[in-house]
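Hi there,

Here is the structure I promised to pass on. Have a look at it first, and then read my notes below.

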Amino acid sequence: MVEHRIRVAEAIAAARQDAGVSQRALAERLGRDKRTIQKWEKGEMKITLEDFLDIFDALNDAGSTIIMITHEQEIAERAKRINYIRDGILSDGRRDGESLA
């Protein structure tokens, strides 16, 4: 379990850094303390799914491209673009029946 927490921590830190967002700026966007961000990024504190998704939202709003794989439509709908894989075929990001216009 600790190994999983470290992988999540590293992913959070890498995504934040790639977005060019400081720990302080991310903390402000989330309404959290900078120390909380530091603990998440070091794997010292468990992160809830809701906090993880809030980070996703904040970094996505900052212009980062984040790839998330989920079976949960409610979670997927937080993204600006959704691609579907069905029977091994990647869609173009449209939802069923949605036009390109």
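The buried residues of helix H4 (49–61) are Asp51, Leu53, Ile55, Phe56, Ala58, Leu59 and Asn60. Buried here means under 20% relative accessible area, exposed means over 50%, and partly exposed is in between, with a 1.4 Å probe and protein chains only. Helices (H or I, at least four residues) and strands (E, at least two) are DSSP runs, numbered from the N terminus. Before you go further, note that this is a predicted model, where local features need pLDDT of at least 70, side-chain atom pairs count only at pLDDT 80 or more, and totals for chains, interfaces and linings use all residues. Residues are numbered from 1 along each chain as its sequence is written, and side-chain values use heavy atoms, with hydrogens and water left out.

What do those buried residues of H4 pack against? Their partners are helix H1 (2–18), H2, H3 and helix H5 (73–76), where a contact is heavy atoms within 4.5 Å. H4 itself has 13 residues and spans 18 Å from first C-alpha to last, close to the 18 Å expected at 1.5 Å a residue; the expected span is 1.5 Å times one less than the number of residues. Just after H4 comes Gly63, with a positive phi of about 105°.

Asn60 deserves a look of its own. This residue of H4 counts as buried because its relative accessible area is 10%. Leaving out residues up to four places away in sequence, Asn60 touches Ile66, Arg78, Ala79 and Lys80.

Now the core. A nonpolar core is a set of buried Ala, Val, Leu, Ile, Met, Phe, Trp, Tyr and Cys residues joined through side-chain atoms within 4.5 Å. The largest one has nine residues: Ile12, Val21, Leu26, Ala27, Ile37, Trp40, Ile55, Ala58 and Leu59. Helix H2 (23–30), helix H3 (34–42) and helix H4 each give two or more residues to this core, and H4 has the largest share, with three.

Of the 101 residues, 26% are buried. Among contacts between residues at least 6 apart in sequence, 37% join residues at least 24 apart. The chain exposes about 7300 Å², and carbon and sulfur atoms supply 49% of that; the areas come from the Shrake-Rupley method with a 1.4 Å probe, and for residues only the protein chains shown count as cover.

Ile69 lies in the loop between H4 and H5, and it counts as exposed because its relative accessible area is 78%. Between Ile69 and Tyr84 there are 9.6 Å in space, C-alpha to C-alpha, at 15 residues apart in sequence. The charged end of Arg86 sits over the ring of Tyr84, 4.7 Å from its centre (the rule asks for NZ of Lys or CZ of Arg within 6 Å of the ring centre and within 35 degrees of the ring normal).

Last, Asp87 is in the loop between strand E1 (85–86) and strand E2 (89–90). Its phi is near 50°, a positive value in a residue other than glycine, whereas most residues other than glycine have a negative phi. Asp87 is exposed, with a relative accessible area of 82%.

Cheers
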